[in-house]
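Please keep the sequence and the model in view while reading.

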Amino acid sequence: MTRINDTPPAWDDRTQLTTFLDYARDTARAKCEGVSPEHARTALLPGSPLMTMSGLINHLRWVEYYWFQVVFLGEEDEGPWTDEDPDREMRTAVDFPLPRLLGAYADQSARYRELVAGSPLDKRAQRPVRDGLHVDLRWILLHLTEETARHNGHLDILRELLDGTKGA
(Lines give C-alpha, C1' and ligand atoms only; values in the text may rest on other atoms or scores of the structure.)
Protein backbone atom coordinates (compact mmCIF):
# COMPACT_ATOMS: atom_id res chain seq x y z
CA MET A 1 0.00 0.00 0.00
CA THR A 2 1.20 3.48 -0.80
CA ARG A 3 1.73 5.36 2.44
CA ILE A 4 1.45 9.11 2.61
CA ASN A 5 4.45 9.42 4.93
CA ASP A 6 6.67 7.49 2.52
CA THR A 7 9.02 9.76 0.63
CA PRO A 8 7.88 9.88 -3.00
CA PRO A 9 10.42 8.72 -5.59
CA ALA A 10 10.49 12.25 -7.04
CA TRP A 11 9.18 15.70 -6.17
CA ASP A 12 7.67 16.76 -9.47
CA ASP A 13 3.96 17.58 -9.72
CA ARG A 14 3.01 14.34 -11.47
CA THR A 15 4.67 12.12 -8.87
CA GLN A 16 3.16 14.01 -5.97
CA LEU A 17 -0.33 14.07 -7.48
CA THR A 18 -0.33 10.40 -8.42
CA THR A 19 1.21 9.35 -5.09
CA PHE A 20 -1.57 11.08 -3.16
CA LEU A 21 -4.30 9.63 -5.41
CA ASP A 22 -2.80 6.14 -5.13
CA TYR A 23 -2.63 6.54 -1.36
CA ALA A 24 -6.31 7.50 -1.23
CA ARG A 25 -7.24 4.56 -3.50
CA ASP A 26 -5.17 2.13 -1.43
CA THR A 27 -6.76 3.44 1.75
CA ALA A 28 -10.26 2.84 0.38
CA ARG A 29 -9.35 -0.74 -0.45
CA ALA A 30 -7.65 -1.27 2.93
CA LYS A 31 -10.76 -0.10 4.78
CA CYS A 32 -12.66 -2.95 3.10
CA GLU A 33 -10.22 -5.73 4.01
CA GLY A 34 -11.95 -8.48 5.94
CA VAL A 35 -15.42 -6.95 5.86
CA SER A 36 -18.13 -9.59 5.69
CA PRO A 37 -20.36 -9.85 2.60
CA GLU A 38 -23.35 -8.89 4.73
CA HIS A 39 -21.64 -5.83 6.19
CA ALA A 40 -20.43 -4.73 2.75
CA ARG A 41 -24.09 -4.33 1.73
CA THR A 42 -25.44 -2.86 4.95
CA ALA A 43 -26.59 0.75 5.02
CA LEU A 44 -26.60 2.30 8.51
CA LEU A 45 -27.46 5.94 7.94
CA PRO A 46 -31.21 6.57 7.66
CA GLY A 47 -30.67 9.70 5.56
CA SER A 48 -28.29 7.89 3.20
CA PRO A 49 -29.80 4.48 2.44
CA LEU A 50 -27.44 3.94 -0.51
CA MET A 51 -24.28 4.52 1.52
CA THR A 52 -22.82 1.06 1.93
CA MET A 53 -19.20 -0.04 1.73
CA SER A 54 -19.94 -1.74 -1.59
CA GLY A 55 -21.79 1.34 -2.81
CA LEU A 56 -18.92 3.65 -1.94
CA ILE A 57 -16.31 1.49 -3.68
CA ASN A 58 -18.48 1.22 -6.78
CA HIS A 59 -19.10 4.96 -6.67
CA LEU A 60 -15.35 5.67 -6.52
CA ARG A 61 -14.80 3.38 -9.49
CA TRP A 62 -17.47 5.08 -11.57
CA VAL A 63 -16.40 8.59 -10.53
CA GLU A 64 -12.93 7.89 -11.92
CA TYR A 65 -14.48 6.47 -15.08
CA TYR A 66 -16.52 9.65 -15.52
CA TRP A 67 -13.64 12.07 -14.99
CA PHE A 68 -11.03 10.21 -17.01
CA GLN A 69 -13.03 8.67 -19.83
CA VAL A 70 -16.01 10.96 -20.24
CA VAL A 71 -14.64 14.38 -19.27
CA PHE A 72 -10.90 14.08 -20.02
CA LEU A 73 -11.01 11.79 -23.07
CA GLY A 74 -14.43 12.91 -24.31
CA GLU A 75 -15.88 9.41 -24.66
CA GLU A 76 -19.59 8.69 -24.52
CA ASP A 77 -20.97 8.37 -21.00
CA GLU A 78 -21.82 4.70 -20.49
CA GLY A 79 -22.01 4.93 -16.71
CA PRO A 80 -24.78 3.14 -14.82
CA TRP A 81 -26.55 6.31 -13.73
CA THR A 82 -29.65 7.78 -15.34
CA ASP A 83 -31.60 10.99 -14.85
CA GLU A 84 -34.21 8.97 -12.96
CA ASP A 85 -31.58 7.10 -10.89
CA PRO A 86 -28.49 9.35 -10.58
CA ASP A 87 -26.96 7.20 -7.80
CA ARG A 88 -27.57 3.86 -9.51
CA GLU A 89 -23.91 2.82 -9.14
CA MET A 90 -24.33 2.93 -5.37
CA ARG A 91 -27.71 1.18 -5.35
CA THR A 92 -26.73 -1.70 -7.65
CA ALA A 93 -23.39 -2.34 -5.93
CA VAL A 94 -25.09 -4.53 -3.34
CA ASP A 95 -25.77 -7.04 -6.15
CA PHE A 96 -22.03 -7.77 -6.51
CA PRO A 97 -19.53 -9.28 -4.09
CA LEU A 98 -17.25 -6.63 -2.59
CA PRO A 99 -14.07 -8.46 -3.74
CA ARG A 100 -15.33 -8.22 -7.33
CA LEU A 101 -15.95 -4.48 -6.96
CA LEU A 102 -12.53 -3.98 -5.38
CA GLY A 103 -10.89 -5.94 -8.20
CA ALA A 104 -12.64 -3.87 -10.86
CA TYR A 105 -11.60 -0.67 -9.07
CA ALA A 106 -7.96 -1.82 -8.84
CA ASP A 107 -7.86 -2.90 -12.50
CA GLN A 108 -9.36 0.38 -13.62
CA SER A 109 -6.97 2.39 -11.43
CA ALA A 110 -4.04 0.64 -13.12
CA ARG A 111 -5.36 1.64 -16.57
CA TYR A 112 -5.82 5.23 -15.44
CA ARG A 113 -2.29 5.31 -14.03
CA GLU A 114 -1.08 4.55 -17.57
CA LEU A 115 -3.33 7.24 -19.03
CA VAL A 116 -1.99 9.81 -16.57
CA ALA A 117 1.62 8.76 -17.14
CA GLY A 118 1.22 9.37 -20.87
CA SER A 119 -0.62 12.68 -20.72
CA PRO A 120 0.65 16.19 -19.93
CA LEU A 121 -0.77 17.57 -16.68
CA ASP A 122 -1.73 20.78 -18.49
CA LYS A 123 -3.74 18.93 -21.15
CA ARG A 124 -7.32 20.16 -21.15
CA ALA A 125 -10.30 17.86 -20.92
CA GLN A 126 -12.28 17.21 -24.09
CA ARG A 127 -15.56 18.01 -22.36
CA PRO A 128 -16.35 21.05 -20.26
CA VAL A 129 -17.51 20.85 -16.67
CA ARG A 130 -20.73 22.47 -15.44
CA ASP A 131 -19.46 26.04 -15.73
CA GLY A 132 -18.31 25.50 -19.32
CA LEU A 133 -14.59 25.42 -18.50
CA HIS A 134 -12.30 22.68 -19.74
CA VAL A 135 -10.32 21.61 -16.68
CA ASP A 136 -6.85 20.14 -17.08
CA LEU A 137 -5.56 16.74 -16.00
CA ARG A 138 -3.93 18.27 -12.91
CA TRP A 139 -7.33 19.54 -11.74
CA ILE A 140 -8.90 16.11 -12.35
CA LEU A 141 -6.21 14.39 -10.26
CA LEU A 142 -6.71 16.87 -7.43
CA HIS A 143 -10.48 16.47 -7.60
CA LEU A 144 -10.28 12.66 -7.56
CA THR A 145 -7.93 12.74 -4.58
CA GLU A 146 -10.37 14.98 -2.70
CA GLU A 147 -13.36 12.82 -3.68
CA THR A 148 -11.66 9.58 -2.68
CA ALA A 149 -10.35 10.99 0.61
CA ARG A 150 -13.82 12.30 1.51
CA HIS A 151 -15.39 8.90 0.90
CA ASN A 152 -12.61 7.23 2.88
CA GLY A 153 -14.04 9.08 5.86
CA HIS A 154 -17.42 7.56 5.12
CA LEU A 155 -15.84 4.11 4.82
CA ASP A 156 -14.13 4.69 8.20
CA ILE A 157 -17.42 5.49 9.90
CA LEU A 158 -19.33 2.64 8.29
CA ARG A 159 -16.65 0.09 9.13
CA GLU A 160 -16.45 1.13 12.78
CA LEU A 161 -20.24 1.05 13.12
CA LEU A 162 -20.50 -2.31 11.34
CA ASP A 163 -17.85 -4.36 13.09
CA GLY A 164 -15.82 -2.09 15.35
CA THR A 165 -12.75 -1.98 13.07
CA LYS A 166 -10.99 1.37 13.42
CA GLY A 167 -8.44 3.02 11.16
CA ALA A 168 -6.61 1.33 8.31
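How are α1 and α5 oriented to each other, roughly parallel or roughly antiparallel? The model is a predicted one, in which local features need pLDDT of at least 70 and side-chain atom pairs count only at pLDDT 80 or more, while totals for chains, interfaces and linings use all residues. Residues are numbered from 1 along each chain as its sequence is written, and side-chain values use heavy atoms, with hydrogens and water left out.

**Helix pairs**

Helices here are DSSP runs (H or I, at least four residues), numbered from the N terminus. The axes of α1 and α5 come within 11 Å and cross at roughly 175°; the two helices are therefore roughly antiparallel to each other. Axes are lines fitted to C-alpha atoms, for helices over the stretch in contact, and angles run from 0 to 180 degrees between N-to-C directions. Angles over 145 degrees count as roughly antiparallel, under 35 as roughly parallel, 65 to 115 as roughly perpendicular and the rest as oblique.

On the α1 side, the contact (heavy atoms within 4.5 Å) is made by Arg14, Thr18, Asp22, Arg25, Ala28 and Arg29. On the α5 side, the residues are Leu102, Tyr105, Ala106, Ser109, Tyr112, Arg113, Val116 and Ala117. By class, this contact has 7 nonpolar, 2 polar and 5 charged residues. Nonpolar covers Ala, Val, Leu, Ile, Met, Phe, Trp, Tyr, Cys and Pro; charged covers Asp, Glu, Lys and Arg; the others, Gly among them, are polar.

The axes of α3 and α6 lie 9 Å apart, with a packing angle of about 175°, and these helices are therefore also roughly antiparallel to each other. Their contact comprises 16 nonpolar, 5 polar and 3 charged residues.

**Helix α5**

Helix α5 has 20 residues (98–117) and should span 28 Å at 1.5 Å a residue, which agrees with the 28 Å between its end C-alpha atoms. The expected span is 1.5 Å times one less than the number of residues.

Which residues of α5 are buried? They are Leu98, Leu101, Leu102, Tyr105, Gln108, Ser109, Tyr112, Leu115 and Val116. Seen down the helix axis, the buried residues of α5 fall within an arc of 135°, so they line one face; the arc is that of the directions from the axis to the C-beta atoms. Buried means under 20% relative accessible area, exposed over 50%, and partly exposed in between (1.4 Å probe, protein chains only). On the other side of α5, Pro99, Arg100, Glu114 and Ala117 are exposed. The buried residues of α5 are covered by elements including α1 (13–31), α2 (37–40), α3 (53–72) and α6 (137–163).

**Individual residues**

Leu101, in helix α5, is buried at 4% relative accessibility. Beyond its neighbours within four places in sequence, Leu101 contacts Ser54, Ile57, Asn58, Ala93 and Phe96.

Pro80 and Leu73 both lie in the loop between α3 and α4. Pro80 is buried, at 15% relative accessibility, whereas Leu73 is partly exposed, at 34%. With neighbours within four places in sequence left aside, Pro80 contacts Trp62, Arg88 and Glu89, and Leu73 contacts Phe68, Leu115 and Gln126.

Leu45, in the loop between α2 and α3, is partly exposed, at 32% relative accessible area.

The table gives C-alpha separations.

| Pair | Separation in sequence | C-alpha distance |
|---|---|---|
| Leu45 and Leu158 | 113 residues | 8.8 Å |
| Pro80 and Trp62 | 18 residues | 8.2 Å |
| Leu101 and Gly47 | 54 residues | 24 Å |
| Leu73 and Thr148 | 75 residues | 21 Å |
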